[in-house]
Amino acid sequence: MDNRKLLIITLLLIMPFLNNAQSVSATLFNVPQQNVYLNAVTGLYLEVVDSVMMTAEKRVEFNSNLTKGMYQLETEFGQTVDFLYDDAPVKLILKDIDKADEIEFIDSQVNTDWNNYLIFKELTMNSMDLLKPILRQYDKKSEFYINAINEYEQLQNEFVSFTDSLMLHDNYASKLIKVDRFPSVNLNDDFKKQRDDMIANFLDDVDFNDLSLIPTDVLTNKIFDFLSIQLTSDQSQQQQIMSLILASDNVLNRASVNFEMYKFVFQFLIEIFNELNLQDVVEYMMRLPYSENIECTESQYNELVSIVEFNSRTRIGSIAKNISGTTIFDENFDLYSIENDFTIVYFWSYTCEHCRENVKDFKMFLDENPDFSLVAVSVKGDLKKIKNFVKKNKVNGYFYHDGLEWNCPFVSDYAVTATPSFYLLDKEKKIIFKPFDFNELIDFVKIIKQ
């Protein structure tokens, strides 16, 4: 038998074992037996890749074909743990899913590095936050201030030293750590100089040509932090708007090195500003800044135009798209037929604990505000559990669930990118407000009822 035939036979024999290799396996202690979802992370988005039921031994196994990126295990009750996949099986043991230092990764240096980094970063930032008021308020000649500044500098140096040591491993985690870690500040400078230097250097470690940053939340978190440091309490609202526009301009200019990165960053920015109801910034984004710098086909450019169109569907003052069908209790309904003065359209996930709390809050709100109606569209969760939950909490409203999750057409009609999402409509079904959360809805209702 020649070598080629021997090789083919060998491959045929081992192929079934290769196909059955586990991509992700985990043992979750201290949680009841339940469904566990495997989600792929891409910036703001979570896409369900697979779901399995835990065994009696509290074990889950996923044999999905994964690509390089960040993923998340999510229990049915909303508990989560993130990890990295870099073309090697991931095995982990969660002694306590709510504690990062109770997670053990088996033979995965990339995940051990990433998890250790996140733990160290949180501890460092918590310590720094305790010292910041002292550095801003105390007499610089006092011994208390001098001790505080020395401790702050030591924390900075230890953070740099620790992250540098992890980055020596030169793996996928190293790339993400380089982007994610916060820059040091010179405490001898005044606060304005520190802030100006941080703004100037904040994005220097981001390689916008590295497309492996896209299937994570690291780049979007970095950009969000960059936008946040532009704003100060002494700025007027118009000055804050201008700061956000200039910061977005900076980011889009850097991202215009290639089409895929520009599209990802542009979509993130326009959707986050739409969510925050910053219409002036959205108007700026709709001009597609720096798109002329990108080498792209006509079809690719039309993808950008589609993103603009998608995010213009729910602008304040526009008529909301109709929602109609059969509720989870088999009742026909039509949004346009609701006669109340106001209607709240609420997109939620049963697996989101915060969303479930909002549903409970709607019980009292609707009882106290009979001129409001509720249309609630669930994008994730088991129908039976959703029905039991709504019945138990006695919430009046039109609850819709078609099982299509994020492919539900109403999700697209309302440009929903995250749950919970709120839309407040007037009697003519015109969008008059897009609350960021339930408390913002309450505050707005108080204003319009004065």
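Which residues touch the most other members of the largest nonpolar core? In this predicted model, that core has 66 residues, and W114, L219, V265, F266, L269 and F273 are the ones with the most contacts to other members. Several helices build the core: helix 2 (109-137), helix 3 (143-167), helix 4 (172-180), helix 6 (218-228), helix 7, helix 8, helix 9 (279-285) and helix 10 (298-311) each contribute at least two residues. The largest share, 11 residues, comes from helix 8.

Leaving aside residues up to four places away in sequence, W114 touches M70, L84, A173, L176, I177, D180 and V218. A separate core of 27 residues lies apart from the largest one, and its members include I328, W348, Y350 and C355.

Helix 7 (residues 237-255) and helix 8 (residues 259-275) have axes that come within 9 Å and cross at roughly 160°. Angles over 145 degrees count as roughly antiparallel, so helix 7 is roughly antiparallel to helix 8. The crossing of the two helices is right-handed.

On the helix 7 side, the contact is made by L244, S248, V251, L252 and A255. Helix 8 meets them with M261, Y262, V265, F266, L269 and F273. By type, the residues of this contact are 10 nonpolar and 1 polar, with no charged residue.

Terms used
Residues are numbered from 1 along each chain as its sequence is written. This is a predicted model: local features need pLDDT of at least 70, side-chain atom pairs count only at pLDDT 80 or more; totals for chains, interfaces and linings use all residues. Side-chain values use heavy atoms; hydrogens and water are left out. Axes are lines fitted to C-alpha atoms, for helices over the stretch in contact, and angles run from 0 to 180 degrees between N-to-C directions. Helices (H or I, at least four residues) and strands (E, at least two) are DSSP runs, numbered from the N terminus. Angles under 35 degrees count as roughly parallel, over 145 as roughly antiparallel, 65 to 115 as roughly perpendicular and the rest as oblique. A crossing is left-handed if the near helix is turned anticlockwise from the far one by less than a right angle, and right-handed if clockwise. Contact means heavy atoms within 4.5 Å. Ala, Val, Leu, Ile, Met, Phe, Trp, Tyr, Cys and Pro count as nonpolar, Asp, Glu, Lys and Arg as charged, and the others, Gly among them, as polar. A nonpolar core is a set of buried Ala, Val, Leu, Ile, Met, Phe, Trp, Tyr and Cys residues joined through side-chain atoms within 4.5 Å. Buried means under 20% relative accessible area, exposed over 50%, partly exposed in between (1.4 Å probe, protein chains only).
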